[in-house]
Structures are given as C-alpha cells and as structure tokens.
Amino acid sequence: MTKEKMYKYLILAITIIATVAMCLWPDFHPEQKVLQQYYWQVDMLIHGGYYFVVCMLILLLRFNIKPTYIGLALFTFSLLLELLQNFSYHRSVSLLDILSNLLGIGLAVVMFIGLMKTVKN
C-alpha cells in the first residue's frame with residue numbers, strides 16, 4: 001500500500017470515528033452551549049452542514065467509487081447512527097436530522113459531480 005493510499009484510509013477512519021463519537025455522545029447538542037437553548041433550525045443546519053463537509057471530504061479523497069454510491073453509503077451510515085441514538089442517553093431519533101443529513105449529503109454529491117464536469121471541460 002502506498003503512503004498516499006494509507007493517508008486516505010487514515011483520514012477516512014478518523015472521520016468515521018469522530019462522526020460516531022459525536023452522534024452517540026450522550027446529550028451532545030453544541031447549539032445549546034452557544035445559544036443557551038435548542039433551536040431546530042440551527043440543529044438542521046449543523047446536521048446538514050456537517051454531513052455536507054464529511055461527504056465532500058470523502059469525495060475529494062478520490063476513492064475509485066462513483067460519487068452517488070459514496071453518497072448512498074454515507075446516508076445509510078448516518079441513518080444507522082440516527083437509529084442508534086435511540087439507545088443513547090438523552091438522545092433520540094429525529095426525522096428532521098435524517099432529512100438534513102440527506103440534504104447535506106445530496107448537495108455535496110450534486111456539487112461534486114458538477115465540479116468534476118466543469119474541471120473535465
């Protein structure tokens with residue numbers, strides 16, 4: 001395995017571990033620390049933005065996998081984590097979180113495909 005490939009997998013592993021930790025951490029709501037209360041709109045922006053960044057990072061690592069498959073795999077992973085939150089202390093399943101994850105991932109995939117078409121031309 002080349003050094004470059006090893007770094008790709010290391011970045012992917014760190015990203016996955018960090019995502020699992022944040023999604024299953026009991027009572028992890030950063031917006032409440034900053035804004036002193038819960039706002040569902042901010043929570044949606046955080047979820048969508050986080051998964052947009054994670055998806056774009058994975059796509060930019062340039063694994064030899066179609067972007068739509070990466071998006072589907074990441075959405076399935078986010079759905080699994082959302083369902084596991086039901087078993088975490090002070091966490092619950094949220095359809096808004098699932099929707100915002102999907103929107104963030106979908107936007108990243110669409111933008112990445114558009115950028116790759118632009119670069120090729």
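I counted the secondary structure elements and got five helices and zero strands in the protein. The model I am working from is predicted. Read from the N terminus, the order of elements is α-α-α-α-α.

**Overall dimensions.** I took the C-alpha trace along its principal axes and noted a span of about 45 × 30 × 25 Å. The accessible surface came to about 8,200 Å², with 72% of this belonging to carbon and sulfur atoms. Of the 121 residues, 33% are buried. I also looked at contacts with a separation of 6 or more, and 74% of them join residues 24 or more positions apart.

**Core.** I then went to the largest nonpolar core, which has 19 residues. Tyr51, Cys55, Ile58, Leu59, Leu74 and Ile105 touch the most other members. At least two residues of this core come from each of helix H1 (3-24), helix H3 (40-60), H4 and H5. H3 gives the most, with six residues. I picked out Ile58 and listed what it touches beyond four places in sequence: Leu12, Phe63, Ile70 and Leu74.

**Arg91.** I looked up Arg91 next and found it in the loop between helix H4 (67-84) and helix H5 (95-120). What is the nearest side chain of opposite charge to this buried residue? It is Asp97, 5.8 Å away. Arg91 has no salt bridge, because the cut-off is 4 Å. I did find that the Arg91 side chain reaches the backbone oxygen of Trp25 at 2.8 Å. Setting aside neighbours within four places in sequence, I noted that Arg91 is in contact with residues including Met22, Cys23, Leu24, Trp25, Pro26 and Asp27. Gln85 and Asn86 are also among its contacts.

Notes: Residues numbered from 1 in each chain as written. Predicted model: local features only at pLDDT ≥ 70, side-chain atom pairs only at ≥ 80, totals over all residues. Heavy atoms only, no water. Helix = DSSP H or I, 4+ residues; strand = E, 2+ residues; numbered from the N terminus. Buried < 20%, exposed > 50% of the residue type's maximum accessible area, 1.4 Å probe, protein only. Lys, Arg positive; Asp, Glu negative; His and termini not counted. Polar contact = N/O pair within 3.5 Å; in protein donor to acceptor, adjacent residues only side chain to side chain. Contact = heavy atoms within 4.5 Å. Core = buried A, V, L, I, M, F, W, Y, C linked by side-chain atoms within 4.5 Å. Areas by Shrake-Rupley, 256 points an atom, 1.4 Å probe, with all protein chains shown as cover.
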